[in-house]
Amino acid sequence: MPAHTFHPSGPLGGTFQVPGDKSISHRAIMFGALAVGETRVSGLLEGEDVMATAAAMRAMGAQIEKTGAEWRIHGVGIGSLLEPKAALDMGNSGTSTRLLMGLTASHAITATFIGDASLSRRPMGRVIEPLSQMGAQIEASSGGTLPLLQRGAATPVPITYRLPVASAQVKSAVLLAGLNTPGITTVIEPVPTRDHTERMLAGFGARLEVTQEAGTRIIRIHGEAELRPQHVIVPGDPSSAAFFIVAALLVPGSDLVIENVGINPTRAGLIAVLQAMGGDITLLNNREVGGEPVADLRVRHSALTGIAIDPAVAPAMIDEFPVLFVAAALAQGTTTTTGLDELRVKESDRLATMAAALTLAGARVEEHEDGLTIHGTGGDPLPGTPPGAEVATRLDHRIAMSMAIAGLVSRNGVQIDDTAPIATSFPTFLALLAEATR
């Protein structure tokens with residue numbers, strides 16, 4: 001468990017790219033494995049989470065290999081997944097687990113899902129409920145957690161399911177189960193969430209309709225689908241870019257360009273919030289790549305001002321709140337967040353973990369049931385962690401990276417207990433940070 005101290009930094013500068021989008025990378029592998037023929041993927045994120053998805057799809061019959069800079073996937077076709085001979089190890093990846101549960105729920109195969117200590121604490125009940133309605137038989141551990149055994153339905157039943165929580169993973173699990181289910185499976189989404197599944201399924205040839213009815217999003221997928229192989233170009237991950245965006249805003253003198261970042265409106269909430277706080281973020285060269293909006297981001301040091309953040313924006317930036325809390329800790333005035341109950345059930349309880357981490361580094365933070373109130377320093381550096389004290393990252397990659405950024409804007413540095421979890425989503429983070437702060 002490598003501890004590491006992140007020290008105060010000079011300005012961030014230069015031009016670089018962050019690795020491919022994690023959400024899109026997961027789906028590219030899954031959908032390529034369900035298409036008949038060869039799918040090619042450029043820019044795939046090669047973090048541990050995505051590799052867990054690739055290993056699972058190999059275990060169910062797909063051929064997946066890297067050739068040069070490109071990944072090639074030979075799919076088996078919907079309805080033709082093989083029963084895995086061993087448990088599917090999801091590592092730390094909640095996305096892999098929930099989406100693959102959906103994918104296999106409508107195939108007559110039995111699969112056991114296991115994961116690391118962090119993932120094994122995360123609730124799966126939210127996908128167990130709709131998948132059970134479709135005919136899957138699921139035996140979970142106490143509290144609806146992993147390890148979990150799922151027997152897919154031999155004759156799956158289409159359902160109409162209204163999401164009780166805003167969750168792209170639950171939505172996607174039901175839609176993926178619908179791929180091999182006769183008839184039309186419908187998901188009703190009261191609050192829009194990231195729509196990579198819908199965009200990419202349509203690109204692979206699935207019959208899918210998205211409509212708005214009475215302010216509610218309705219997604220209908222036609223079952224017994226046939227997916228066509230594609231060439232997928234994965235844009236840079238906005239959740240990974242977020243750490244460098246915040247760092248450049250906070251470190252005096254910074255002027256940084258991050259190329260090829262996905263700016264899908266269901267994911268780009270952080271940019272709008274930081275701009276509302278006074279952040280100088282300019283979108284350059286807006287374009288569309290493979291059905292996803294992309295831009296280059298120029299970010300310059302800015303004096304930020306605390307604001308009350310509308311909870312309606314949460315689904316469009318749910319993974320970026322930890323690093324937003326760091327930005328708030330250096331802003332002028334107070335930032336308030338509410339409606340963030342979902343952060344309690346991520347890789348860690350991100351509200352409690354970030355409140356404790358920032359407090360240890362000298363920030364003024366109040367934790368509430370559904371959010372944090374943060375009193376900013378007005379741009380003054382945080383004191384940093386006391387001698388001998390370490391931030392507890394709780395096996396959470398986003399906590400580790402967020403507090404690394406806090407270290408750049410501290411007087412005495414911030415020591416975190418473990419950098420290993422960073423590899424789950426951003427294996428080149430430390431190298432890129434060193435490059436940007438030269």
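Student: What should I know before we start?

Tutor: Residues are numbered from 1 along each chain as its sequence is written. The model is predicted, with local features needing pLDDT of at least 70 and side-chain atom pairs counting only at pLDDT 80 or more, while totals for chains, interfaces and linings use all residues, and side-chain values use heavy atoms, leaving out hydrogens and water.

Student: Why is T185 called buried?

Tutor: Buried means under 20% relative accessible area, exposed means over 50%, and partly exposed is in between (1.4 Å probe, protein chains only). T185 has 0% relative accessibility, so T185 counts as buried.

Student: Which residues is T185 in contact with?

Tutor: Contact means heavy atoms within 4.5 Å. Leaving aside neighbours within four places in sequence, T185 is in contact with M134, P158, I159, V174, G178, I219, R220 and I221.

Student: Where is T185 placed?

Tutor: T185 is in strand 11. Strands are DSSP runs of E with at least two residues, helices are runs of H or I with at least four, and both are numbered from the N terminus.

Student: How do you know that strand 11 pairs with strand 13?

Tutor: Two strands pair if DSSP finds at least two bridges between them. Six bridges join strand 11 (residues 184-189) to strand 13 (residues 216-222), and the two run antiparallel. I184, for instance, stands opposite H222 in strand 13. Both strands belong to an open sheet of four strands in the order 10-11-13-12, with mixed pairing.

Student: What makes strand 10 and strand 12 edges of the sheet?

Tutor: Strand 10 (160-162) and strand 12 (208-213) each have a single partner strand, so one side of each is left without a neighbour in the sheet.

Student: Which residues of helix 2 are buried, and what covers them?

Tutor: D49, V50, A52, T53, A54, A56 and M57 are buried. Their cover includes helix 1 (22-34), strand 4 (63-67), strand 6 (88-89) and helix 3 (94-105).

Student: What makes R126 and E342 a salt bridge?

Tutor: A salt bridge needs a side-chain nitrogen of Lys or Arg within 4 Å of a carboxyl oxygen of Asp or Glu. The closest N and O atoms of R126 and E342 are 2.9 Å apart, so the pair meets that rule. R126 lies in helix 4 (residues 125-133) and E342 in the loop between strand 19 (334-337) and helix 10 (350-360), so the pair ties together parts that are 216 residues apart in sequence. Both R126 and E342 are buried.

Student: How many salt bridges are there by this rule?

Tutor: The count comes to 26. Among them is the pair E198 and R217, at 2.8 Å from N to O.
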